[in-house]
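Please look first at the sequence and then at the three-dimensional model, and keep both in view while you read. The paragraphs below go from the chain as a whole to its parts.

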Amino acid sequence: MTPPSTHTFMCPECRRSIEVDDAMRATLLETGCVICGAPVTEEDIGGAATAH
Ligand SMILES: [Zn+2]
């Protein structure tokens, strides 16, 4: 039983925080923030299971 892999994305520009899955994560990295359009880097999308 493997739970879906989710990540917490927090936009450095508009400060919105949303839960994303792997597909959404890839989309964000490619197209930028869905809310404000700011460029997104992998650092902005932390893994939910990984503590920093
Ligand atoms: Zn944003």
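To speak of what is covered and what is open, we need a rule: a residue is called buried if 20 or more other C-beta atoms lie within 10 Å of its own, exposed if 12 or fewer do, and partly exposed in between, with the C-beta atoms placed from the backbone. By this rule, buried residues make up 10% of the 52 residues in the chain.

Before going further, keep in mind that this is a predicted model, in which local features need a pLDDT of at least 70 and side-chain atom pairs count only at pLDDT 80 or more, while totals for chains, interfaces and linings use all residues. Residues are numbered from 1 along each chain as its sequence is written. The pLDDT is the predictor's confidence in each residue, on a scale from 0 to 100; in this chain the average is 88, and 88% of the residues score at least 70.

The chain has one helix and three strands, where helices (H or I, at least four residues) and strands (E, at least two) are DSSP runs that are numbered from the N terminus. Read from the N terminus on, the elements follow the order β-β-α-β.

Strand β1 (residues 6–10) pairs with β2 in the antiparallel sense over five bridges, two strands being counted as paired if DSSP finds at least two bridges between them. Along this pairing, Phe9 stands opposite Ile18 in β2, and Met10 has Ser17 of β2 as its bridge partner. Strand β2 (residues 17–21), by contrast, lies largely in the open, because the number of buried residues among its five is zero.

What joins the two strands? Together β1 and β2 form a hairpin with six residues between them. Arg15 sits in this loop between β1 and β2, and its phi is near 65°, a positive value in a residue other than glycine. Arg15 counts as exposed because it has 9 C-beta neighbours inside 10 Å.

Next comes helix α1 (residues 22–31), which is hardly covered, since one of its ten residues is buried. After α1 comes Gly32, whose phi is also positive, near 95°.

The loop between α1 and β3 (45–47) holds Glu43, and Asp44 is found in that loop as well. Glu43 counts as exposed, because it has 8 C-beta neighbours inside 10 Å, whereas Asp44 is partly exposed, with 18 other C-beta atoms within 10 Å. The C-alpha atoms of Asp44 and Pro12, although 32 residues apart along the chain, are separated by 7.1 Å. Glu43 and Phe9, in turn, are 34 residues apart in sequence and 9.0 Å apart in space, C-alpha to C-alpha. For the chain as a whole, among contacts between residues at least 6 apart in sequence, 36% join residues at least 24 apart.

Note on methods: Two residues are in contact if their C-beta atoms, placed from the backbone, lie within 7 Å.
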